[in-house]
Amino acid sequence: MEKENIYILGIESSCDDTSAAILCNDRILSNVVADQKIHAEYGGVVPELASRAHQQNIVPVVHQAIEKAGITKDQLNAIAFTRGPGLMGSLLVGTSFAKSLAYGLDIPLIDVNHMQAHILAHFIEEENHKKPPFPFLATTISGGHTQIVKVTGYFEMEVLGETIDDAVGEAYDKSGKVLGLGYPAGPEIDRRAQLGNPKAYKFTKPKVGGLNFSFSGLKTAILYFVQREVEANSNFIEENLNDICSSIQYTIIGVLMDKLKLAVKQTGITHIAIGGGVSANSGIRKALKDAEKKHGWITYVPKFEYTTDNAAMIAIVGYLKYLEKDFADFDVMASARLKI
Ligand code: KG4
Ligand code: ZN
């Protein structure tokens, strides 16, 4: 007998991207993301503006996702939404919308943990994408998150380490602000890093025990360093921008790799899956390739579209939970600090 097709609508609204995706079993039919340009003017996400923009975007984005998938809403089997973690005002928009639509269509509602979704995005069926075998280590690095997680099953995850202050993407963005670069600064720092000398300037790596991270001290060190140099030469930044970017990147990637090496040593697990916006970084990609050759690691990087905030990753978790009949009650509430 042929397997029945399961259609899941995924909705993501935890930060500043409004996204909706339709999955047929574990394959993506559509994944629509409306990002919010408004935050660039402020050099960071403004929560109040984010929730207003979600309100504006949610209906057209869901509508587009259904249309692009070539199905009708009556074919949906369930609706999955991001319950947390994230910004409360943003989460409320997706949560309320998902509840109303599921209630109206009389289909199950599935709550999804955003951090689990970043990891389970690796299980979206894609041409030429290899899925990590259990157990594996997952590291989620973005503007909002920095975690290393031991994954022994789809829903068996243990956080081994995480940032105690800024996320790694924030370290990029805040350093970029000091240098007068636009927001988000990560891609620009990465581009310039490849043109500069990584050892031109030395920044002390933050010292945090075990597998936790701290990036706020690094940002301050960069600020003081730049202020000092600019006092001596007002053109210091313009004249040395590529070298400064390269040295910042060298330090940040060094921190990430040190922690990953420690996690491998502690667990004996050499399958490493990465996710989050910073996984686009050329430095981390190269370091992982080198570690494959040098330490025998096997690394997994999802398609970029599924690694920044998106609803496809919410929908795949929805599908995996649907198979387990793991549904939410309609009184489920958004949770800003939801843990894995
Ligand atoms: O996953 P994402 O789109 O959104 C969340 O933060 O959840 O990640 C955005 C972050 C920003 O901080 C941005 O500066 C950083 O990812 N980023 C990069 C690169 N591309 C994006 N950081 C370093 N190198 C890159 N190539
Ligand atoms: Zn995220």
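Helix H1 meets helix H2 through Ala 50, Ser 51, His 54, Gln 55, Ile 58, Val 59 and Val 62. Their partners in H2 are Gly 89, Ser 90, Val 93, Gly 94 and Phe 97. Contact means heavy atoms within 4.5 Å. The model is predicted: local features need pLDDT of at least 70, side-chain atom pairs count only at pLDDT 80 or more, and totals for chains, interfaces and linings use all residues. Residues are numbered from 1 along each chain as its sequence is written, chains are lettered from A and ligands numbered from 1 in the order in which they are written, and side-chain values use heavy atoms, with hydrogens and water left out.

H1 spans residues 47–69 and H2 residues 88–105. Helices (H or I, at least four residues) and strands (E, at least two) are DSSP runs, numbered from the N terminus. The two axes come within 8 Å and cross at roughly 30 degrees. Axes are lines fitted to C-alpha atoms, for helices over the stretch in contact, and angles run from 0 to 180 degrees between N-to-C directions. H1 and H2 are therefore roughly parallel (under 35 degrees; over 145 is roughly antiparallel, 65 to 115 roughly perpendicular, the rest oblique). The crossing of H1 past H2 is right-handed (the near helix is turned clockwise from the far one by less than a right angle; anticlockwise is left-handed).

Met 88 lies in H2. Met 88 is partly exposed, at 37% relative accessibility (buried is under 20% relative accessible area, exposed over 50%, partly exposed in between; 1.4 Å probe, protein chains only). Beyond neighbours within four places in sequence, Met 88 contacts Ala 334, Ser 335 and Ala 336.

The zinc ion (ligand 2) is coordinated by NE2 of His 114, His 118 and His 145 and by OD of Asp 309, at 2.1 to 2.2 Å. Donors are N, O and S atoms within 2.8 Å of the metal (3.2 Å for Na, K and Ca); water is not among the atoms, so sites may look incomplete. Angles among the 4 donor atoms run from 92 to 160 degrees, and the site is irregular. Four donors count as tetrahedral if all angles lie between 85 and 135 degrees; four count as square planar and six as octahedral if opposite donors are over 155 degrees apart and all others between 65 and 115; anything else is irregular. The donor spacing is H-x3-H-x26-H-x163-D. His 118 belongs to helix H3 (residues 114–120), and Asp 309 to the loop between strand E10 (298–300) and helix H9 (312–323), 191 residues apart. His 118 is buried at 2%, as is Asp 309 at 14%.
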